[in-house]
Amino acid sequence: MIDAEQDRQTVDSDGVPQGKSGHLQRGDTAQTLASSFGDSCHIHASDEEELVYTGDEVEAMKQVRTKLLEEHGIDKAKVCDAFLAVATINCKLRIEDTVNKIVKLLGIMKELDCEDGIDADLWKPAAIHELKSFAPVGKCNNGCHAQWIRKGGKVTKEEQRNHVHACIMFYLANNRDARTLRNGMLFVFDLTGRDDMATEKRQGNEKLVQSFYQALP
């Protein structure tokens, strides 16, 4: 869920969000840090397990941000804090692994007409129709979110940018609470109509789109 009422925090010279004392701190919550992500990415977790970043997580995020900027020239405009945080935790705080995955993902996204990367304006109204590939399903019995992926047909080259944006929106929405982010989610692949999909006209971007799915941290 989106909560537009949040106070803005400052960021340091590397574009990393700062806590109340001017730096990221152990115990900062997702709501605190989300303020630097842009109004469209504020997290409302009243019905979720509150996400509080640990000191190790915050330090890893800062190191990932620094490496992206200094070694690859990738700044905050290309990878917003919301996505960087999820990627870092999903990669078990492994700095090099996180950086490499983000760099690879951005390269694939560029080929799919998303050369602007993943900016802080995560809500993309033009991409809403591409959310058809995902079905709301709630949580599994361990309290983690489940992600139901259903047959959506081929992704046309004209819609591949919107499809990527829709995938990013859904990906971050399902990683918004502490339990899911740290324990993983259940994936359900609905293969209904798979044979029909195989007969659809090829678009020429099938392997690239599949590579994008697999590149998400």
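Figure 1. Lys76 is partly exposed, with a relative accessible area of 23% (partly exposed lies between buried, under 20% relative accessible area, and exposed, over 50%, with a 1.4 Å probe and protein chains only). This is a predicted model, in which local features need pLDDT of at least 70 and side-chain atom pairs count only at pLDDT 80 or more, while totals for chains, interfaces and linings use all residues. Residues are numbered from 1 along each chain as its sequence is written, and side-chain values use heavy atoms, with hydrogens and water left out. Lys76 forms a salt bridge with Asp81, their closest N and O atoms being 3.2 Å apart (a salt bridge is a side-chain nitrogen of Lys or Arg within 4 Å of a carboxyl oxygen of Asp or Glu). Asp81 is buried, with a relative accessible area of 5%.

**Figure 2. Asp81 and Arg65.** A salt bridge joins the side chains of Asp81 and Arg65 at 2.9 Å, N to O. Asp81 lies in helix H3 (residues 81-90) and Arg65 in helix H2 (residues 55-72), so the pair ties together parts that are 16 residues apart in sequence (helices are DSSP runs of H or I, at least four residues, numbered from the N terminus). Asp81 and Arg65 are both buried. Salt bridges link Arg65, Lys76 and Asp81 in a network.

**Figure 3. Lys124 and Asp119.** The side chains of Lys124 and Asp119 meet in a salt bridge of 3.0 Å, N to O. Lys124 counts as buried at 16% relative accessibility, whereas Asp119 counts as partly exposed at 22%. The structure holds 10 salt bridges, among them the Lys124 and Asp119 pair.

Terms used:
Helices (H or I, at least four residues) and strands (E, at least two) are DSSP runs, numbered from the N terminus.
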